[in-house]
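Student: I would like to learn how to read packing features in a model. Where do we begin?
Tutor: With the model itself, then with rings.

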Amino acid sequence: MISIGSIALLALTVGFGPVPKPGPALAARIAARDCEVYGIVHWGLNTYTDREWGFGDENPEMLAPAHFDADQIVGACRDGGLAGLIVVAKHHDGFCLWPTKTTDHNISKAVNFRGGKGDYVKEMSDACRRHGLKFGVYVSPWDRHDADYATPKYVKKYHAQIKELLGGEYGEVFEMWFDGANGGDGWYGGAKERRRIGVASDYYRFPEVFRFVRELQPKACIFAGESDESDFRWPGNERGELDPNSCATICTVGGFADGKYGNPEYGRRINRGMRNFENTAGHPMFFRVCECDFPMRPGWFYHTKERGRTKSAAYLMQRYLNTVGNGGTMNIGIAPNKDGRLDEEDVKALKGFKTLKDAFFGDCHGKCNVIVAWEDVSNGEVSKGWSVKYKGKVVASGGTLGIKRIRVLDEAVPNNDLEWNGVDTVDVPGCGYSARVSFYYADPDLVKLVKSATTESGETDTAKWMTAGREGK
């Protein structure tokens, strides 16, 4: 039996079988980043054109924030419990939000932003340092503005852009983010046509990109979908949904071709991962934790028409349980408005999320309804079954533990009657193994609020929980 609030440690030595595990370099990068909740910030010309994907012909003079404040944006994210921010430095419209030497289509042409002498990326990176957040970068490989796109000349520019941002002027980078938006309709210097690039990895020379990213920023993790160099993988949706028993291990062969998930089974596979003992027909397995990205608003960029539709604090907490609580990480889309600030409703939702998260994992009161378990993954995900019992009845269980599992019980139970039933493991030659579990108590009304939250949930119910009879608690 284990008392509430205690941490149980299971240590054993296990025997045979190959288990994919993070190599020393990946383990060091994950340890260095040390964050499970972070954000990706979308702000730029799309904010002013009311688009999600700019066409490439937008006038830079539209970038005209009345009160741009990087500290307000980053400070709100810090108060929401986010540990880092990935800043979109260039989206598909090709407009560079830093004064790059690679193209004139950059922020120096935005005369209404710092008189044409601004550097949005620098202001955001500096604000991250001031507020104790890690700083990351996304540079779209697709450029719907550049006349050279789909030729070798553009690829040189793209590589140079990444090197400018990772070369030291913007400080240490915790994650370099890539996605699969590659080729299609665009302005392309006035050509206004559709351009295709074939296999993205070949055209952009991604293996070369990944090499110099590692050289310039050794501690940076790479999010790059299906690439063998990716440290994290996409879960197959942008809703913050992850299989309760999702594994970090994955075989990437089969179903993904020409940038599309042609095999429905493969789409499910990237969400749930694969157990160490599953048959992969001799294909290699990789260790890649799911990075679950979803926007805080309906779209990734700010749209005035979406006011009032910011995801509530309770819903964000629900997504936390469904992502981090299922072995992944949580990446929230942050969308500053036309003034260059976060709307007050976004600020309140983030702050409320932090409040609710703290309340879920607070002090114990002699009973438990929240269970957190995890294993040492330095030798891979060795666990294949675990459970917690109350008076002989299983109240929480699962397969792989991985970096974290969170289970919320339907009812709180006395801590003295809880039993951590240990872990069934895959055998690994000569490896020590440890698993841990912690027990917490969350207010039952809060649990109901979080479980019932939807994308349409407002802040009213959350505010009631936070204030009704709880002052001074």
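Tutor: Start with a definition. Rings of Phe, Tyr and Trp pair if their centres lie within 6.5 Å. Keep in mind that this is a predicted model.

Student: How many aromatic pairs does a search of the whole structure find?
Tutor: The search finds 25 aromatic pairs.

Student: How is one such pair described?
Tutor: A pair of aromatic rings is described by the distance of the centres and the angle of the planes. Take Y204 and F206. Their centres are 5.2 Å apart, and their planes make 40°. This pair is tilted.

Student: Are Y204 and F206 buried or exposed?
Tutor: Buried means under 20% relative accessible area. Y204 has 0% relative accessibility, so Y204 is buried. F206 has 9%, so F206 counts as buried too.

Student: Which residues do ring pairs link into a cluster with Y204 and F206?
Tutor: The cluster also holds Y149, Y154, Y158, F178, Y188, Y203 and F210.

Student: F206 belongs to helix 7, residues 206-216. Which residues of helix 7 are buried?
Tutor: F206, V209, F210, F212, V213 and R214.

Student: What covers the buried residues of helix 7?
Tutor: The cover includes helix 1 (24-33), helix 5 (152-166) and helix 6 (200-204). Strand 5 (175-177) and strand 8 (221-223) are also part of it.

Student: Which residues make the contact?
Tutor: Helix 3 supplies Q72, A76, C77 and D79. Helix 10 supplies V347, L350, K351 and K354. By type, the contact residues divide into four nonpolar, one polar and three charged.

Student: Let us step back to the whole protein. How many helices and strands does it have?
Tutor: Twelve helices and 21 strands. Of its 473 residues, 55% count as buried.

Student: What about contacts between residues at least 6 apart in sequence?
Tutor: Of those contacts, 77% join residues at least 24 apart.

Conventions. Residues numbered from 1 in each chain as written. Predicted model: local features only at pLDDT ≥ 70, side-chain atom pairs only at ≥ 80, totals over all residues. Heavy atoms only, no water. Contact = heavy atoms within 4.5 Å. Helix = DSSP H or I, 4+ residues; strand = E, 2+ residues; numbered from the N terminus. Nonpolar A, V, L, I, M, F, W, Y, C, P; charged D, E, K, R; others polar. Phe/Tyr/Trp six-rings, centres within 6.5 Å; stacked < 30°, edge-to-face > 60°. Buried < 20%, exposed > 50% of the residue type's maximum accessible area, 1.4 Å probe, protein only.
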